[in-house]
Amino acid sequence: MVVPDLALICEIMLMAEGFQMSKILSRKFVILYKLCEDLLSKSRHYDWKLRAIKTTLYVAGGMKRDAPELSEDKVLLRALRDFNLGKLTSDDTSIFMGLLNDLFPKTLELVPRAVDATFEGKVREAALELGYQADEMFCLKISQLRELFVVRWSVFLLGPAGCGKTAIWRTLMKAQLSLGEKTIYKPINPKSVTRNELYGYLHPATREWKEGLMSVTFRDMSNNKVRA
């Protein structure tokens with residue numbers, strides 16, 4: 001089995017995104033993800049492989065174009081911090097921030113989180129209208145979910161019952177609608193159907209593919225057939 005050269009891939013992608021310090025930054029990038037894989041908990045939703053690396057590099061390229069006044073190491077630091085914090089458990093967050101501080105010494109506190117003031121104002125308004133408290137952490141989780149949706153087709157909200165998962169996506173939907181961004185949802189209860197009915201299956205006799213709820217819903221959404 002061939003193992004990809006992550007350092008070389010990272011260096012080439014950074015260079016393609018316009019980074020002049022691509023060799024040094026790619027080394028830091030790969031070291032960080034390797035340490036995360038070794039030191040952080042083995043949560044099933046963590047991904048420190050090539051797919052996650054490529055997505056984060058695209059985010060870094062967009063941030064570099066949006067904030068040309070920042071130095072390249074600060075841009076990469078912001079991308080690594082802002083894109084990954086939303087998926088970390090509370091126990092792993094402090095370890096991750098410590099690793100960032102070691103790789104980018106005396107830089108972490110100089111790079112604030114990229115804030116969309118207009119959107120965050122709409123989030124607070126939407127939270128109050130829905131009867132929620134516009135707590136700082138609550139609004140931060142909504143912003144992080146929105147940032148993930150920019151680069152991911154599918155996102156899972158994980159957490160124990162009553163931690164605010166439904167409140168977060170409902171508030172995000174209302175805030176985006178207030179901004180004029182079309183946002184729709186279609187609830188599906190996976191416990192009410194079988195696995196074949198949920199995902200689809202190949203009929204054993206006719207060898208014909210039978211659609212499942214998930215595939216039909218995704219297709220209808222991509223064709224704008226689901227009404228808000």
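Predicted model: local features only at pLDDT ≥ 70, side-chain atom pairs only at ≥ 80, totals over all residues.
Which residues form a nonpolar patch on the surface?

Residues are numbered from 1 along each chain as its sequence is written, and side-chain values use heavy atoms, with hydrogens and water left out.

**View 1. A nonpolar patch on the surface.** The patch is formed by I31, L35, L39 and I95, which together have about 300 Å² of accessible area. Patch members have over 30% relative accessible area and no salt bridge; like charges are joined within 9 Å, and nonpolar side chains (Val, Leu, Ile, Met, Phe, Trp, Tyr) within 5 Å. Accessible areas come from the Shrake-Rupley method with a 1.4 Å probe, and for residues only the protein chains shown count as cover. Helix α2 (residues 22–39) provides the largest share of the patch, 3 residues. I95 sits in helix α5 (residues 90–103) and is partly exposed, at 35% relative accessible area. Here buried means under 20% relative accessible area, exposed over 50%, and partly exposed in between (1.4 Å probe, protein chains only).

**View 2. The whole protein.** Stepping back, you will find 10 helices and 2 strands. Helices (H or I, at least four residues) and strands (E, at least two) are DSSP runs, numbered from the N terminus. In order from the N terminus, the elements run α-α-α-α-α-α-α-α-α-β-β-α. The C-alpha trace spans about 55 × 50 × 35 Å along its principal axes. Of the 228 residues in the protein, 34% are buried.

**View 3. The largest pocket.** This pocket has a volume of about 1,800 Å³. On a 1 Å grid over the protein atoms alone, a pocket is an open set of points where a 1.4 Å probe fits, with protein on both sides within 12 Å along at least five of seven lines; lining residues have an atom within 4 Å of a point. Grid points are joined across faces, edges and corners, and a volume is the space filled by probe spheres set on the points. The lining of the largest pocket counts 33 residues, and F149, V155, I184, F218 and M221 lie nearest its centre. Helices α7 (136–151), α8 (165–178), α9 (195–199) and α10 (213–222) each supply at least two lining residues, with α8 giving the most, 6 residues. By class, the lining holds 20 nonpolar, 7 polar and 6 charged residues. Ala, Val, Leu, Ile, Met, Phe, Trp, Tyr, Cys and Pro count as nonpolar, Asp, Glu, Lys and Arg as charged, and the others, Gly among them, as polar.

**View 4. The second largest pocket.** Here the space comes to about 1,100 Å³. Its lining has 34 residues, with H45, G86, K87, L148 and F156 closest to the centre. Two or more lining residues come from each of α3 (50–66), α4 (72–85), α5, α7 and α8. Helix α7 gives the most to this lining, with 8 residues. The lining of the second largest pocket divides into 17 nonpolar, 9 polar and 8 charged residues.

**View 5. Salt bridges.** Side chains of opposite charge can pair when their charged atoms come close. The structure holds 13 salt bridges, each a side-chain nitrogen of Lys or Arg within 4 Å of a carboxyl oxygen of Asp or Glu. One of them joins E129 and K174 (3.4 Å, N to O). E129 lies in helix α6 and K174 in helix α8, so this pair ties together parts that are 45 residues apart in sequence. E129 is exposed, at 54% relative accessibility, whereas K174 is partly exposed, at 28%. Another bridge links R219 and E211 (2.3 Å, N to O).

**View 6. Two loop residues with positive phi.** Most residues other than glycine have a negative phi. K106, in the loop between α5 and α6, has a positive phi near 60°. R207, in the loop between β1 (201–202) and β2 (209–210), has a positive phi of about 60°. K106 is exposed at 71% relative accessibility, and R207 is exposed at 57%.
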